[in-house]
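Dear colleague,

Please find below the sequence and structure that I am handing over to you. My notes on the structure come after it.

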Amino acid sequence: MDAILLQILNGLDKGSAYALIALGLTLIFGTLGVVNFAHGALFMIGAFCAVTVQRILNLSYEVVDETQKDFLGNALKVKTSYVESWFGPEMGGAIIDWAVPIAIIFAIPIMIFIGFVMERGLIKHFYKREHADQILVTFGLAIVLQEVIKYFYGANPIQTASPEALSGVANVGALFGMDIVYPVWRIVYFFFSVVIIGGIFSFLQFTTFGMVVRAGMADRETVGLLGINIDRRFTIMFGIAAAVAGLAGVMYTPINSPNYHMGMDFLVLSFVVVVVGGMGSLPGAVLAGFMLGILEAFASMNEIKSILPGIDQIIIYVVAIIILLTRPRGLMGRKGVMEE
Amino acid sequence: MFGLDKKDTRMLLVVAVLTLCAPFILNPFPTDSAMAQFNAGYPDLMQRFVIFGIFAIGFNILFGLTGYLSFGHAAFLGVGSYSAVWMFKLLSMNVVPAILLAVVISGLFALLIGFVSLRRSGIYFSILTLAFAQMSFNLAYSVLTPITNGETGLQLTLDDPRVLGVSATADGSIPVTSLFGLEMRSTFEMVVGPWAFQFNAGYYLCALVLLAVFYLSIRIFRSPFGMMLRAVKSNQQRMNYTGLNTKPYTLAAFVISGMYAGLAGGLMASMDPLAGAERMQWTASGEVVLMTILGGAGTLIGPVLGAGFIKYFENIFSKINDTVLHNWFAFMPDGLEDFVVFIVHPFIGKGWHLTLGIMFMLVVVFLPGGLVEGGQRIAKWVKGRKNKDDSTSATKNPAE
Amino acid sequence: MSKSDFSRRGVLKTGALAGTGLALPTIFTASSAAAFTNDPTGSSVTLGFNVPQTGPYADEGADELRAYRLAVEHLNGAGDGGMMNTFSSKELQGNGILGKEVKFVTGDTQTKSDAARASAKSMIEKDGAVMITGGSSSGVAIAVQGLCQEAGVIFMAGLTHSNDTTGKDKKANGFRHFFNGYMSAAALAPVLKNLYGTDRNAYHLTADYTWGWTQEESIAAATEALGWNTVEKVRTPLAATDFSSYIAPVLNSGADVLVLNHYGGNMVNSLTNAVQFGLREKVVNGKNFEIVVPLYSRLMAKGAGANVKGIHGSTNWHWSLQDEGSQAFVRSFGTKYGFPPSQAAHTVYCQTMLYADAVSRAGSFNPCAVAEALEGFEFDGLGNGKTLYRAEDHQCFKDVLVVRGKENPTSDFDLLEVVEVTPAAQVTYPADHPMFAGGALGSCNPGA
């Protein structure tokens, strides 16, 4: 029983990353009608925002200490970070410790900016082109972005720790008299994603801006004819979608050390999620994200693997194939989307 | 000739001359010159050019004609290679049965996957093929290791139970692949002055196969069947409304293109008897997409050009390291030399992926017809300039 | 199309090729004047360094290339000579190999068997490389080793840890200096016994491919021999990035040791996840829960950061070793590049030196002569103490290091500390050990 609850929890936690990425993908697809293969790269760039912030906070000056020796026997250069020297070791240390949450503040404007540039500079020219062309050009962009990151940060994963206070485990089962421990940061990640998802939905539901965007998603031409500058709003939506992907990436860094190809690792998966949820359906994307997360968690249980060897390797794809063949438009897809 | 019109015959002949004379064409620089690094005329790379050309031609029959973008085509290539290597292990080192089996098995595999995947279209189709291919890859890497030998790849060993042939040669090594006794690896070397040209039996086998399947693809493009596929691409709904069931046509195209991929896989195993799972990974499928688009999807010769281009990049361009760069720019003053090397550095050698990505984007943005369109535009521009000289009539470059 | 006037020899005699040292490639040639593949007839000899330059192991590959450059420099007499001075064999004079200047070509394996073979082939067919070396993954090493056997050149394996490389997939033309899964297990077992006792329940998480399996088999056998009980062996997909769903069941499994048979990115992520789940603070059956990582890589350990603290594993070599050879190597590498070398860098440097030395002792580049010189060769001074290149399977037998993640690292690369140097005798196994059975070296192939 405990094991099952633990896997459900784990599925929700895995699913939150899938759902966040899929949500951004769907936002872009639903509003702009563009299939964005570079979305995984945006997630990756978000993660590297955190890495960069961490590096900046750790920027340090060197003092040659004659009393200590480095590995070659030369005098050791002792590094002290500027932050620590400005704010004192205690305060400075705390700031460095909280690098990942701090990165969120920086990541939002950066990601929105990257989103704007991408949309205005490239994607805009592809509204009228075929979906295949959109896939191809964004696929190319994804390759370029990941190679650029690799050039600056190397190929190996870079560790970015969560704040000391949020690492470790919490006993989430205590409330129900059970002993279920789970990493604090993963719980944080889950609630973070719930907040973001809720935020996006209420933004679209309860603001005028959201209403116009939704109208535009339904019938772009008519909204345009009403004299509303829908293009600008769509650009903003692209920026928001990029920010969602980026934030998902920032918060993901303590869970797994980011590397340059994490975007591609998530890309295939998140497309499966989107397609399973139904292209263009925001609730579908979120639902499918969590559902696939939970299924994946269960498939990795040894009890299930011993019956179906290798099932954890293919579960996502099997589900995708079954859903697409039985519910052709995904779980919550609309008719006529991507079926020209 | 061969039931082709004049233009197609000319194209076939051009391809024939290019492939048959490839050892000369790809080795333009003397072996001891500084430019020798850019020579591509050695057997392995020439074989790869041709084999990936076949793969891309096959992919183009599906994508170029019907518009169905498969992101899982590498699976067929992988299945083809595995079948061929098993044939070498079990039957004989002759490449003919191996290649035949590769084509048949991959055809069957394509039939199965195509039958399921083609129930959907658009991006759903892409994701389905991607899902199947990733499943094949994941399983081949792990659970199916007894058949595929997992990470290490399926290789010949000294104790293969070869029914027609020996397990090991007299001197204790693994026998080599051959075509009725003609060893695939045998190479005739012609040395002319400072040049050395290599004529490899395996390469010529691949080249002849390429010509045959290229001819076949011309025939498919020009046939009523090809017209039907194009009609599917332009408007499938309309086709359906006319009461025509398009599924058999698209499925046929899918299977043919899967068989092309299997043929490529079989040839690859014949040249080098090893089959690895990463041949089936989705990035490998992405590569053939890149090749086709880069060369020009829907054109006959584009995919071959694209395949050659990418393989050249991967094998030649990626070898340019800093030392070589410094040699090139040695004529510059020191500071400037370092600066130029610094600027160029991210794009060459191990940065070839970056350059490829950028080029690919540029092609998709500005040259939707790929290199072929680029070539046509240049030809037109040259012609236009000539006309201008003649009649001073301004010709406008075609807008995108 | 006549060969008569422009024979290969004729051209070479005219010295047309002198200077560049690019011998005409004759690989796979049915009939050729040369006695073996890529006989270097000019004033220089070309070696092929085939390492991952793109893909997830690109940083290891880059470090290997640094070591190769250094080795070539030392062989050609530049620099401070590094381990050439401490090497027990004194054949190498710093005048190249057999008086020929050493040149090299590099290739990108992309950590894919196909790409690795293509790039090795290009080095052999086009650049005339007489030896191929490198690699940062067993699958690639085995694939390239097979190719070199067919082509008739020597393959000096880089970082490859699978038992199969010198086990069921061994080849007469292939040689491995790096240690393997069995040795890791044999070296770790006594240390684990001292630290954690004999009454333990181990849970294995294993990367689901050949290297993972051989590693799991080795370590499970070694720990079971101590009296440990294996609770569960779980295979994880190679492509997995989040291991939480595999770690979570460990919590309630009753196990008190987690063995992570993972390498590279897998290792970084699974270890990070395991620490996240609080396994290190856990107490099971009245004992502290422990994590073991059989194969450590310092470059990768960096990616796991503080999570490696106090976690034991094994490694082929570490820069903090105090013997003369290691120090000489660290000094010349550190002076040139500003940071200490990794174990990948060390093993490829050794392999290059060993090859050069074997050629010098054999007096020929002929792969068969080189192989003979390497087989059964005993040497010292390359950082691992007394080492034997065993003739039966072309595997080096030397001391293995048991290391632990350092509690208080003083720098970016000061992550591991050596706990114990397990002597070679303890990790030596008979050549017909069942974990290595099923293959044959075959006979050496000089090509041509």
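This is a predicted model: local features need pLDDT of at least 70, side-chain atom pairs count only at pLDDT 80 or more; totals for chains, interfaces and linings use all residues.

Contacts of chain B

I begin with the side of chain B that touches chain A. Here 33 residues of chain B are in contact with 34 residues of chain A. On chain B, the elements that give two or more residues to this side are helix H6 (122–141), helix H12 (282–295) and helix H16 (352–366). H6(B) provides the largest share, 11 residues. By class, this side of chain B has 21 nonpolar, 10 polar and two charged residues.

The contact between chain B and chain C takes 43 residues from chain B and 49 residues from chain C. Helix H3 (43–66), H6 and strand S4 (187–192) of chain B are the elements that give two or more residues to the side of chain B that touches chain C. The largest share of that side, five residues, comes from S4(B). Its residues divide by class into 12 nonpolar, 18 polar and 13 charged.

Domains and helices of chain C

Chain C is divided into domain 1 (8–179 + 320–397) and domain 2 (182–315 + 415–427). The centres of these two domains, taken over C-alpha atoms, are separated by 32 Å. Between them, 17 residues of domain 1 of chain C are in contact with 17 residues of domain 2 of chain C. On the domain 1 side, helix H2 (residues 58–75) of chain C gives the most, with three residues. That side has five nonpolar, seven polar and five charged residues.

The axes of helix H11 (residues 343–362) of chain C and helix H12 (residues 367–374) of chain C come within 8 Å and cross at roughly 105 degrees. H11(C) and H12(C) are therefore roughly perpendicular to each other. Among the residues that meet are Leu354(C), Tyr355(C) and Arg361(C) in H11(C), and Val370(C), Glu372(C) and Leu374(C) in H12(C). By class, the contact of H11(C) with H12(C) has nine nonpolar, no polar and two charged residues.

The nonpolar core

The largest nonpolar core has 375 residues, and those with the most contacts inside it are Val272(A), Ala320(A) and Phe55(B). Domain 1 and domain 2 of chain C both give residues to this core, so it lies between them. Leaving out residues up to four places away in sequence, Phe55(B) touches Leu77(B), Tyr260(B), Ala261(B), Ala264(B), Val288(B) and Ala307(B).

Individual residues

Asp164(C) lies in the loop between strand S4 (154–157) and strand S5 (174–176) of chain C. Is Asp164(C) buried or exposed? Asp164(C) counts as buried, because it has 26 C-beta neighbours inside 10 Å. Apart from its neighbours within four places in sequence, Asp164(C) is in contact with Thr152(B), Ser138(C), Ile142(C), Asp169(C), Thr210(C) and Thr214(C). The C-alpha atoms of Asp164(C) and Gly197(C), 33 residues apart along the chain, are separated by 30 Å.

His131(A) lies in helix H5 (residues 131–153) of chain A. With 19 C-beta neighbours inside 10 Å, His131(A) counts as partly exposed. Its C-alpha atom is separated by 17 Å from that of Met217(A), 86 residues away along the chain.

With kind regards

Definitions and conventions:
Residues are numbered from 1 along each chain as its sequence is written. Chains are lettered from A and ligands numbered from 1 in the order in which they are written. Two residues are in contact if their C-beta atoms, placed from the backbone, lie within 7 Å. Helices (H or I, at least four residues) and strands (E, at least two) are DSSP runs, numbered from the N terminus. Ala, Val, Leu, Ile, Met, Phe, Trp, Tyr, Cys and Pro count as nonpolar, Asp, Glu, Lys and Arg as charged, and the others, Gly among them, as polar. Axes are lines fitted to C-alpha atoms, for helices over the stretch in contact, and angles run from 0 to 180 degrees between N-to-C directions. Angles under 35 degrees count as roughly parallel, over 145 as roughly antiparallel, 65 to 115 as roughly perpendicular and the rest as oblique. Domain bounds come from an automatic or database domain assignment. A nonpolar core is a set of buried Ala, Val, Leu, Ile, Met, Phe, Trp, Tyr and Cys residues joined through C-beta atoms within 7 Å. A residue is buried if 20 or more other C-beta atoms lie within 10 Å of its own, exposed if 12 or fewer, and partly exposed in between; C-beta atoms are placed from the backbone.
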